[in-house]
Amino acid sequence: MNNGAIIETRDLRKVYRIGQVDVQALRGVDLDVQPGEFLSIVGPSGSGKSTLFHIIGGLTPPTAGEVKVGGQNLAALTDAGRTKLRRRTVGFVFQKFNLLPNLTAYDNIAVARHIAGLGRQPDAQFDEVLRLLGIAGRLDHKPNALSGGEQQRVAIARAIVNHPAILLADEPTGNLDSENSKAVLEVLRDLNQRLGQTILMITHNPEAAAYGHNTVHMRDGRIVDRTSAAP
Amino acid sequence: MRSLLSILLIAVPVTLILTLVGLTQGMLADAQSRQRGAGADIIIRGSQAKALINASGITIPAGMVDLVQRQPHVKLAMGVINDRVEVIMLLTGIDMAKFNQMTGGFTYDQGGPLQGPDDILVDRLYADEHHLQVGQKVSVNSHEWRVAGVIEPGKMARLAVPMATLQDLDAASGKVGQIYVQVDDPADINLVKTQLSALMGGYTINTIDEITAMYNVDQIPAIKPFTVVVAAIGVVIGVTVVWLSMYMVVLQRTREIGILKALGASKPFILGIILIEATLLGVGGTILGIVFSYGAQWLIRALVPASFQMAIVYDWWPRVAVVTLTAAILGALYPGLSAARQDPIEALAYE
């Protein structure tokens with residue numbers, strides 16, 4: 001299990017207990033993601049996309065199987081270990097943006113630096129990222145003064161401010177109109193192409209999925225297909 | 001709004017504690033300064049004397065006053081009677097001539113000295129509290145008096161009447177409650193005290209310094225435990241208010257806590273945020289409680305200046321701060337820990 005992949009899962013399983021019932025969310029997922037890859041994950045609701053995302057992001061431990069992210073075996077990590085992983089190794093972008101409503105855009109980004117113990121001030125190269133995201137002039141505003149597209153771009157800036165190895169985006173365009181969706185997807189593609197950012201993106205939208213190099217199709221807790229975008 | 005309400009609720013017990021202690025200290029200091037204002041060096045009380053002047057009883061034969069007066073180094077001996085009017089307010093029977101001699105006389109805001117048997121002198125604070133003017137009738141201890149003068153406070157009596165009238169009313173003709181003694185030279189105070197003790201076995205004889213030293217919290221039964229009870233109630237209120245407030249915070253901010261956890265915030269980090277907010281509520285409550293204690297003092301001065309005196313007790317500020325902050329931190333612990341333990345996925349899904 002060492003093929004240079006930044007994410008590797010083998011026979012990954014997750015069982016949730018809801019009331020008296022065990023729900024098998026993942027039923028043996030094998031996945032390799034190479035550094036610099038932009039991978040889209042598609043599938044119907046309940047197919048296990050989000051569970052896979054949560055395990056790779058260290059938000060929940062797997063029930064069985066192996067999962068390595070950036071060389072770390074997540075199955076062996078404690079809760080504190082997974083917390084550490086979330087600080088520096090992965091960055092999240094959510095469908096609902098999930099910005100802290102009382103903080104300005106700048107402070108939303110700074111808080112991620114602060115939690116990671118890197119001080120509040122982003123490094124000099126980050127200005128380039130802010131220009132790339134097109135939010136450099138909107139940093140003094142609170143989320144409620146920003147459009148959905150701007151909020152999502154702030155969320156992307158927050159996710160990558162600590163230079164994570166992997167950016168995990170869960171339906172990043174799910175709450176956006178088509179124009180803003182396109183802008184956000186292009187930002188993700190730019191980050192991938194210019195900075196070599198590894199990106200895993202969950203989406204329902206085939207057009208959005210087409211922005212990735214590869215697309216993984218999930219159904220009933222398994223990967224049923226893997227396709228590459230046309231060159 | 002929630003924070004302001006919490007601060008307000010935390011401030012209530014702070015104000016209660018500061019007012020209670022302030023009243024105790026203020027009233028003791030007032031009584032102390034009025035005793036000193038009498039100008040006596042030694043006070044003789046009956047054998048049943050308790051710590052404070054107001055519980056002495058009228059048991060000393062008036063002839064003892066003349067006996068004391070004849071002792072060497074005694075400049076002046078004056079018999080007085082103190083009847084209780086309120087908890088700590090006294091109606092004092094005096095011999096006007098001797099009182100003037102010993103104290104230099106009252107300063108009159110209105111009217112003049114006692115003349116008739118039913119005359120009363122009231123101090124400015126009592127006059128304000130009861131809206132009294134010279135010439136008005138006032139009932140004190142079931143007797144109707146005529147206000148002869150309004151005096152400046154500070155010289156032994158808040159309410160002064162002719163001693164003979166009080167002796168009649170108390171069925172204590174020929175007796176006094178205390179003898180105030182002035183010596184010819186302050187250096188002789190202890191000498192005179194020793195002489196008097198030898199002469200008057202069975203009486204309680206104290207120098208004015210000893211008497212004023214008795215005006216402290218330890219001499220008033222139950223005041224300390226009462227203060228502890230109020231402080232304990234303060235802790236309970238503080239803990240409850242902060243617990244409810246921070247529980248609300250954790251509920252309201254579940255999603256934000258989930259966001260912070262997704263960003264890699266550790267359990268101590270989340271707990272720290274909750275504790276910092278609770279500490280700020282505690283600090284705010286303490287400051288507001290202190291401000292309110294000035295308000296309580298203003299109200300007491302405006303409404304019942306003669307009955308109650310409230311001091312601002314600066315040395316109690318750090319104590320109430322410790323009580324309040326302890327309560328705030330205790331109250332925030334459970335909500336803080338439950339926030340820290342929240343599952344990030346569930347928290348992020350919270351609507």
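1. Which residue in S9(A) is the bridge partner of A:Ser40? The partner is A:Thr215, and the bridge belongs to the parallel pairing of strand S3 (residues 38-42) with strand S9 (residues 214-219) of chain A, which extends over four bridges. Two strands are taken to pair if DSSP finds at least two bridges between them, and the elements themselves are DSSP runs numbered from the N terminus, with helices being H or I of at least four residues and strands being E of at least two.

2. On the basis of the note: this is a predicted model, in which local features need pLDDT of at least 70 and side-chain atom pairs count only at pLDDT 80 or more, while totals for chains, interfaces and linings use all residues. Residues are numbered from 1 along each chain as its sequence is written, and chains are lettered from A and ligands numbered from 1 in the order in which they are written.

3. Chain A contains seven helices and 10 strands, and its C-alpha atoms fill a box of roughly 45 × 40 × 40 Å along the principal axes. Its radius of gyration of 17 Å agrees with the value near 17 Å for a compact globule of 231 residues; the radius is taken over C-alpha atoms, and the globule rule is 2.2 Å times the number of residues to the power 0.38.

4. One open sheet of chain A has six strands in the order S6-S7-S8-S3-S9-S10, with mixed pairing. Its edge strands, each pairing on one side only, are S6 (90-93) and S10, and neighbouring strands of the sheet are turned by 20° against each other on average, direction ignored. Within this order, strand S7 (residues 166-170) and strand S8 (residues 198-202) of chain A run parallel and are joined by five bridges, in which A:Ile166 has A:Thr198 as its partner in S8(A). Helix H6 (residues 178-195) of chain A lies across S3, S7 and S8 of chain A and runs at about 155° to S8(A); axes here are lines fitted to C-alpha atoms, for helices over the stretch in contact, and angles run from 0 to 180 degrees between N-to-C directions.

5. A hairpin in chain B may be read alongside. Strand S7 (residues 137-140) and strand S8 (residues 143-151) of chain B run antiparallel over four bridges, with B:Trp145 in S8(B) as the partner of B:Val138. This hairpin has two residues between the strands, and B:Asn141 takes a positive phi near 50°.

6. Another open sheet of chain A has four strands in the order S2-S1-S4-S5, with antiparallel pairing. Strand S2 (21-33) and strand S5 (72-73) of chain A are its edges, each pairing on one side only. Strand S1 (residues 7-18) of chain A is joined to S2(A) by 10 bridges, and A:Tyr16 stands opposite A:Val23 in S2(A).

7. In chain B, helix H8 (residues 223-252) and helix H11 (residues 317-340) pack at an angle of about 30°, with their axes 7 Å apart. H8(B) is therefore roughly parallel to H11(B), where angles under 35 degrees count as roughly parallel, over 145 as roughly antiparallel, 65 to 115 as roughly perpendicular and the rest as oblique.

8. H8(B) also packs with helix H10 (residues 267-303) of chain B, at an angle of about 135° and with the axes 11 Å apart, so H8(B) and H10(B) are oblique to each other. Residues are in contact if their C-beta atoms, placed from the backbone, lie within 7 Å, and this contact is made by B:Val242, B:Ser245, B:Met246 and B:Val249 of H8(B) with B:Ile274, B:Glu277, B:Ala278 and B:Leu281 of H10(B).

9. Between the chains, 12 residues of chain B are in contact with 15 residues of chain A. Helix H9 (254-262) and helix H12 (344-349) of chain B each supply at least two residues of the side of chain B that touches chain A, and H9(B) gives the most to this side, with four residues.

Note on methods
Contact = placed C-beta atoms within 7 Å.
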